[in-house]
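Trainee: Could you show me how to read ligand surroundings and aromatic rings in a model like this one?
Mentor: Gladly; let us look at it together.

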Amino acid sequence: MICKSTTIKDSKGLLGRLPTLKADVPEFVFIATDNARCPASEVYVKEGDHVKIGQVIGLRKGPFFEQPIHATVSGTMVGYEKHYHRSGKLVNFIKLQNDFKEEWDPSCSPRSDEEIAKLDRKGFAEILKANSSVGLGGSSFPTYVKFQTEAKIGTILVNAIECEPYITADHRIMLEEMEKIIGGIRYLQQAFDCKNAYICVKAKYTDLRQVYGAFLKRYKDEGIKLKAVGNFYPQGWEIAMIRSATGIKIPSGHLPSEFGIVDFNVSTVVGIYDSVKYNRPVTDRLISITGDGIRYPSNFKVRVGTPIRSLLERCGGYKHPEKDKILILGGPMMGASLPSDDCIVTKTVTSVIVLDAEEHKEEPCIRCGSCLLSCPAGLEPKQIMDAVKAMDKKRVKELKPMRCVECGLCTYVCTSHIHVTDYIRRAKTIAKLP
Amino acid sequence: MARMLGDVLIALAPTVVMAIVVFGLAAFRNLAISVAVMCLAEFVYVLIRNRIPYDGKKHTFKEQWKAGVSKYTINNFLAPCLSGVIFALIMPASTNPGYVIYVALIVGALVGIVIGKLVFGGTGSNIFNPAALGMVFTKLCFGSKFDYESNYYESNYFITNIATGGTPLTNLGSYTYPGVSNYVGQFAGINDYSILDLFLGRVPGMIGEVFKITILVGMIYLLFRHAIDFRVLVSYLGCYAFLMALAGIIVCNKIPTVSFGQFMGFAMFSGGVLFGAVFMFTDPVTMPIDSPSRVMYGLLGGALTVIIRIFGALPEGVAFSILLCNMMAPVLDYPAWSGREYTKKKVAVMASIVLIPAIILVLALLFAPEVKA
Ligand code: SF4
Ligand code: SF4
């Protein structure tokens, strides 16, 4: 099909209607020592030490920032184990044994409203940094960085679009944490001194639009509005969302704050509320376990650090255990597929998708051009792929693969079932070479 | 990919049926021969391409055969099948003497698929449209033997009031008109054909090209299924129609007996313009990949077709212009100036692709020396 393709099958079914189940806190939780953005780390506790929820047990070091590591259960530290991380890499995890007392660290004490009212942008940034709040939509980009801008902000956007197929975690948050979302937005309004806040949802989610239409009446004069944006993919991509919601087109290489816009994922907003109000880091998160390969797709509220295997069991296991499975963390379009189900829920995991492995033979590219027409970043995936195959470094650089947002559309639309996105990823590595 | 090839084959089906109904066994024979030759060539190619690599041992033919056959996919059947059908549809039903048609079909199909496609590395890597290449090759070798006439009398689908030995286009060459140049004078003959007959395909011609209704049905199906890029189709037909209209205005002024409507109808519905535009120009493999380049590609094709038709020694320009454009496709794709945006420069190039031929056309038609009777 030679055409610009912006719709993908969303496969969410009725999962968004299912209430969230509370997953039991497991006996052992695992906390990653390093993650995709922070390659090095330092751990403050040793084996046998007692820890409490919210206690800082280590420090992740990234190139530009550092992130405290928090314990998510109370209990004892029993050692290290290697498991798969969200990014698909094998990573060192701190293993904590749960004593089921649920004791909070004394540092995690709620702030009074007066205290909060005095905070300015810098104050918020410090709190968020201490609680290592990151983009929970999957970017794991530290939130406080967005608070460090000096620019005057005119619009706050909350991203609840969730354009990836299958996932419904944000949908449930929108329905279940309404008060916290509003609270978080109020803090954002205070921090950025800006009244204008939009919660962006897909136009086709009529339930959210009805619920919020009624709910937001209570907050009439606060400037919080629901904005229905398009149903296309990748609407959830920052640049696409800003364009749909405000009409501003952000050129590649610029930050939204230069245009007076900040944007947060809705689960990040809930996280911001918890950090500011209760001074707590993210210890629980909402994830969807879904996909055609799972028996009962469900939404769970899970403790960060829970092994995924136990959650899969709660979903009734695999539907067709005899078939090969593909496990994807994050959305099927952008997420990373895992080599094994031995993986841990970190706070940026939005979903686990289990698909039956299907053989798709790659056919020769027939130059149909669909990937070019569909690429939201304005790239030429087919040309990049050719340059990669030819190992032509100069040409790869000319084609600017770094602009790719890895939305996966080029693979999705390819008439010949070529994994075009994989070539673009390779092109990125080539382009980084001197 | 299989779906796209399948779609084009489905779109061709009405034309194929029409050809078999009207031209009878001859058409069926042509289709069968060319499809069989092309598929066989592709099969042999798959066998050769997937030989077991040299590893010191000797492999029996049976092992080699197995290794090759395991790599044979549905696409290795559909792609040559499609080329074969298109090739047969742009060939005449028979030749004079009759046995030449076999030679012509087999040689043409082989040259088309081997030189047009397989030597470049098979489907997806080819530079030339196999069907067009095969057709041009046969035309150059056997063109004088093409016989549009015998089937013309055999089938009662045709009207029989024109005595003719060639297609409407080949016949034009024999017309002149006092006081004007050859280029203009040839069009004195177009009044002999009714536009309706041209449209219905009741004129002698290539077995598939003549049936405009079924081609249009196929076109609508393809557009509906997004199996072809409308940019090439529209820019090709648009450029062709625009330049023909320019020519038409001049011709009608010089030859009072020719009306403008008649001229345009003749231009659009004679020969293989429509067939080429729908089924050959839109072959994605041989066209550029960026949308602006695709528009340029179509415009270039339209301009070349007009130029060949009016000035060329050959009456029919579609297959030639396809090959010429195929050669230009890598140039249009050259990374230094290709890209997805329609920049001012590119629009300027598009305009010049249309305007330069237009100027040549107008000057030549207006001022070319007259024929001395
Ligand atoms: S993955 Fe990258 S190259 Fe492919 S369509 Fe998305 S942005 Fe474009
Ligand atoms: S890579 Fe796939 S989508 Fe892109 S031009 Fe080739 S066949 Fe088409």
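Mentor: Let us begin with one ring residue, B:Phe279, which counts as buried because its relative accessibility is 4%, where buried means under 20% relative accessible area, exposed over 50% and partly exposed in between, with a 1.4 Å probe and protein chains only. This is a predicted model, in which local features need pLDDT of at least 70 and side-chain atom pairs count only at pLDDT 80 or more, while totals for chains, interfaces and linings use all residues. Residues are numbered from 1 along each chain as its sequence is written, chains are lettered from A and ligands numbered from 1 in the order in which they are written, and side-chain values use heavy atoms, with hydrogens and water left out.

Trainee: How is a pair of aromatic rings described?
Mentor: A pair is described by the distance of the centres and the angle of the planes. Rings of Phe, Tyr and Trp (its six-membered ring) pair if their centres lie within 6.5 Å, and planes under 30 degrees apart count as stacked, over 60 as edge-to-face and the rest as tilted. By this rule there are 18 aromatic pairs over all chains. One of them joins A:Phe124 and A:Phe147, a tilted pair with 6.4 Å centre to centre and 35° between the planes. Since A:Phe124 lies in helix α2 (residues 121-130) of chain A and A:Phe147 in helix α3 (residues 143-147) of chain A, the pair ties together parts that are 23 residues apart in sequence; helices here are DSSP runs (H or I, at least four residues), numbered from the N terminus. Both A:Phe124 and A:Phe147 are buried.

Trainee: Which residue pairs with B:Phe279, and at what angle between the planes?
Mentor: B:Phe275 does, in a tilted pair with 5.1 Å centre to centre and 50° between the planes.

Trainee: Which chains surround ligand 2?
Mentor: A residue is near a molecule if one of its heavy atoms lies within 4 Å of it. Residues from chains A and B surround ligand 2, so the site is shared between chains; among them are A:Cys365, A:Arg367 and B:Ile289. The shell divides into eight nonpolar, three polar and one charged residues, where Ala, Val, Leu, Ile, Met, Phe, Trp, Tyr, Cys and Pro count as nonpolar, Asp, Glu, Lys and Arg as charged, and the others, Gly among them, as polar.

How values were computed. Helix = DSSP H or I, 4+ residues; strand = E, 2+ residues; numbered from the N terminus.
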